[in-house]
Amino acid sequence: MTQVAVYNAGGEQLLHTVELHHAIRMLVRRVARVREAVVGETFGPYPRPRSLELVRWIFTGWLYHDRGERVPQVSRENVLRRDRYTCAYCGRTGTTYDHIVPRHLGGGTTWLNCVAACEDCNSRRKGGRTLAQAGMTLQFLPFVPEAWELLPRRR
Ligand SMILES: [Zn+2]
């Protein structure tokens, strides 16, 4: 498995490493640029990165819990950003977030149990039911994001 180092904007502060496919996603989404390339190797239209540099500087810490975990905080805005403001049930614009397993059934406010949703799906179609009870499916799977995936969208 090839790991690619990710540096903060400016290229001096090493943040973490990611797998190559993850690094390519960052290039595609233009949140990072290649800092060092593997000479003579390409990956699609990109030089194969050895390290990346974020386009925008992030203050490491502002997105994180203070429990020492490097996991961004679950919040409505962060879930919407992770899911790119797309309802996980119908694909329309998401404005809120939904607990896949409802809270009253023990579902937690965690990255893997929360997805962006539109008002319709959240309150009317799904309500306080499970996916199976509501006869609904997810169009994409939730994941635990890294800080760069929560940067505000570039317009
Ligand atoms: Zn929806």
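Which residue forms a salt bridge with Arg 82? The partner is Asp 83, and the closest N and O atoms sit 2.8 Å apart. A salt bridge here is a side-chain nitrogen of Lys or Arg within 4 Å of a carboxyl oxygen of Asp or Glu. Both Arg 82 and Asp 83 are buried, where buried means under 20% relative accessible area, exposed means over 50%, and partly exposed is in between (1.4 Å probe, protein chains only).

Some ground rules before going on. This is a predicted model, in which local features need pLDDT of at least 70 and side-chain atom pairs count only at pLDDT 80 or more, while totals for chains, interfaces and linings use all residues. Residues are numbered from 1 along each chain as its sequence is written, and side-chain values use heavy atoms, with hydrogens and water left out.

Now the overall layout. The chain has four helices and six strands, running β-β-α-β-β-α-β-β-α-α from the N terminus. These elements are DSSP runs numbered from the N terminus: helices are H or I with at least four residues, strands are E with at least two. Of the 155 residues, 42% count as buried.

The largest nonpolar core has 17 residues, and Met 26, Leu 52 and Leu 54 touch the most other members. Such a core is a set of buried Ala, Val, Leu, Ile, Met, Phe, Trp, Tyr and Cys residues joined through side-chain atoms within 4.5 Å. The elements giving two or more residues to this core are β1 (3-7), β2 (14-19), α1 (20-28) and β4 (46-54), and α1 gives the most, with five residues. Leaving aside neighbours within four places in sequence, Met 26 is in contact (heavy atoms within 4.5 Å) with Val 6, Val 18, Val 31, Ala 32, Leu 52, Leu 54 and Trp 148. Apart from this core lies another, of 11 residues, among them Cys 87, Ala 88, Val 115 and Met 136.

Cys 90 lies in the loop between α2 (76-82) and β5 (96-99) and Cys 121 in helix α3 (residues 119-126), so the pair ties together parts that are 31 residues apart in sequence. Cys 90 is partly exposed at 24% relative accessibility, whereas Cys 121 is buried at 0%.

Within α3, Asp 120 and Arg 124 lie four residues apart, about one turn of the helix, and form a salt bridge with the closest N and O atoms 2.3 Å apart. Asp 120 is partly exposed at 26%, while Arg 124 is exposed at 64%. Arg 92 is linked with these two in a network of salt bridges.
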